[in-house]
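Welcome to a first look at a new structure. Take a moment to turn the model around before reading on.

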Amino acid sequence: MELKGKKTRIMERFHYSTETVIDKPFNWKQMWRLFSYLKPYSKTLLPSAFIAVLISALVRLVAPILIGKYTLDYAIANKDMNLLTILVVTIAGLYILSYIANTFRIRWMNMLGQNVIYDIRRHLFTHVQSLSHRFFDQRSAGSILVRIMNDINSLQELFTSGVINLLMDFILLIGVVALLFTLSPELTLAIMVIVPIMFFISTSLRKKIRRSWQTVRLKQSKLNSHLNESIQGIRVTQSFTQEKENIEFFDGVNTENFQSWQNATKRNAMFTPMVELTNAIGTAILIAYGATLIANDSISIGTFVSFAFYLGMFWEPISRLGQVYNQLLMGMASSERIFEFIDEKPIVAELQNPTRLANMKGKIEFEHVEFAYDSSRKALNDISLTIEAGQTVALVGHTGSGKTTIANLISRFYDATGGNVKIDSVNIKDLSLEELRSKISVVLQDTFIFSGTIIDNIRFGRPTATDEEVIEAAKAVGANDFIQNLSNGYFTEVEERGNVLSVGERQLISFARALLADPTIIILDEATASIDTETEVKIQHALKTLLNGRTAIMIAHRLSTIREADNIIVLDHGSIMEQGNHDMLMERKGIYYGLVKAQFNMLEVG
Ligand SMILES: Nc1ncnc2c1ncn2[C@@H]1O[C@H](COP(=O)(O)OP(=O)(O)OP(=O)(O)O)[C@@H](O)[C@H]1O
């Protein structure tokens, strides 16, 4: 009982919410949309590959009639050695031609497939980059990764081998049916009775197969999300000795993934034996009925042999079409998931002709601003405030009071759900998003360091900056000393997230990065929280000159850092409770006074 409870708790702990099976019938429109990625190659690779496919299909179609009917009925029956020689040379020539055509067909189709996959992946990645914060709030990094990697990979097979087979088999099938009818309509009709039965069984399998492939993708997504989270959070896991629980959950998702594959491949595997069974029945009919027709002199032995060849060629594309059909179903499942992301519109969108503030001054106004991350509760209520250009304003308040939310609205990572946010008296919804964000630098407590050198990480703030400018910025924030002490100085390689650096060092880098961007507005969200007091004194000094002429919004729990601010805004539960400079607020003896006293007492006790 207790064990069961524990297991449920573990499964509930890791809940990945947004991944559900998208269940729609086979959608031609969507297939068409997928195949529209072939369009850029419609004048180059596509026609070349098509011609190669056509040649190899035609050779395959012509050869049996030459081998059976012409060789047996004309050359051998009439002992015509000249004709026999011509036939042998022609057949050999055709096979050489087919070999060459096949080589090029495979090469070109592979190139086509790789190009299409490259384009789709690029399209998806570019689009995901443009999506708003809300999109990323609702999805785990792992599940996004699965779509960009696995889902697109599963299309690869469809575009490289699947499309070749589809085209080739389609031509073969039509050609073979036409030739079978020409050779013997009655024998063809007798064999064709099996086709509707096969069609009926295969359609009933279709839906199940498609759903199974979708489930496979879902389970992979869950597995990836968990893997990603586990690796990122390994330090917390180990410090709380939660490895066992983690492995238990991993076993759970890994088993689900394994079972979903088993299920899908089991259903898949039903297709080919079914075609083989039909093939066997068809051959039995051919032998029994064909022999009767030969005995009646209705068909010649040559016709019978050619017919047998073609019948073999008839089942082969049907069987392969089954496989391609599965690839199409897998592709459908993946493309639904890819298009779901591509169709996602950025919630924070730019106007068609946005206003450009060539010379942004940095005055910020909030007019009765309301905001809710979700409909259940408001993060900001009726916020009205004005930050003059060049002012330094501090936001203080308890955890969850809405400080970061205000900063998020200034950078327009989210749009206010009520009221207006203005910069230089222009509603920020009317401003160019790129321009707005290029004029704002945000320094977070949790600094993101990209894999690469220190110098490139700082240069991220302004990619065109020279090495000297980067070093200048680093010196200004007091980062130069620790960087010089690294093994390779500014050219030391740091891995993703900069785990080899201390939190404070990472913050200094992000400071230099922000200053290099030369912003009009600078937002420091708990930016000095992890820097030791000595470094902080240095930074405060540097900040004074560097913030000069810029509008600064400082979010700080450590109140000593914001004493000098022009205005201190005290928030509580998303509302402004007090504002004024340090002295005014201390005199007022309100919330701010209480917060300062509490910190002072803590320090005293400490
Ligand atoms: N992405 C999000 N999705 C949903 N709710 C959110 C999101 N970010 C913040 N919230 C909620 O909005 C409220 C305000 O959060 P905010 O981050 O602005 O607080 P804060 O004052 O900056 O807190 P802290 O001092 O802890 O950083 C909180 O109740 C928080 O739970």
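The report below goes through confidence, the annotated segments, the strands and the ligand.

**Confidence**

Please keep in mind that this is a predicted model. The protein has an average pLDDT of 84, and 90% of the residues score at least 70. Among its elements, β1 has the highest mean pLDDT, 95, while helix α1 (residues 2-13) has the lowest, 51. Where pLDDT is low, the predicted coordinates should not be read in detail. For the complex, the predictor gives an ipTM of 0.96 and a pTM of 0.74.

**Annotated segments**

An unreviewed UniProt entry lists residues 44-63, 83-101, 158-181, 187-205 and 277-295 under "transmembrane region". What share of helix does the chain have over residues 44-63? There the chain is 95% helix and 0% strand, with 29 Å between the end C-alpha atoms. Over residues 83-101, the chain is 100% helix and 0% strand, and the end C-alpha atoms lie 26 Å apart.

**An open sheet and its helix**

Four strands make up an open sheet, in the order β2-β1-β4-β5, with antiparallel pairing. Its edge strands, β2 (380-387) and β5 (426-427), each pair on one side only. Helix α13 (residues 403-410) packs on this sheet and touches β1, β2 and β4. The direction of α13 makes about 115° with that of β1.

**Strand pairs**

| Strands | Sense | Bridges |
|---|---|---|
| β1 (residues 364-371) and β4 (residues 418-423) | antiparallel | 5 bridges |
| β3 (residues 392-397) and β11 (residues 567-572) | parallel | 5 bridges |
| β11 and β12 (residues 575-580) | antiparallel | 5 bridges |

Ile364 has Ile423 in β4 as its bridge partner, and Val393 has Asn567 in β11.

**Around the ligand**

Which residues surround the ligand? They are Asp137, Tyr373, Asp374, Ala379, Gly397, Thr399, Gly400, Ser401, Gly402, Lys403, Thr404 and Thr405. By class, this shell has 2 nonpolar, 7 polar and 3 charged residues.

Conventions:
Residues numbered from 1 in each chain as written. Predicted model: local features only at pLDDT ≥ 70, side-chain atom pairs only at ≥ 80, totals over all residues. Pairing = 2+ DSSP bridges. Helix = DSSP H or I, 4+ residues; strand = E, 2+ residues; numbered from the N terminus. Contact = placed C-beta atoms within 7 Å. Axes fitted to C-alpha atoms, helices over the stretch in contact; angles between N-to-C directions. UniProt positions renumbered as here; feature names shortened; annotations may be inferred. Near = placed C-beta within 6 Å. Nonpolar A, V, L, I, M, F, W, Y, C, P; charged D, E, K, R; others polar. pLDDT = per-residue confidence, 0-100.
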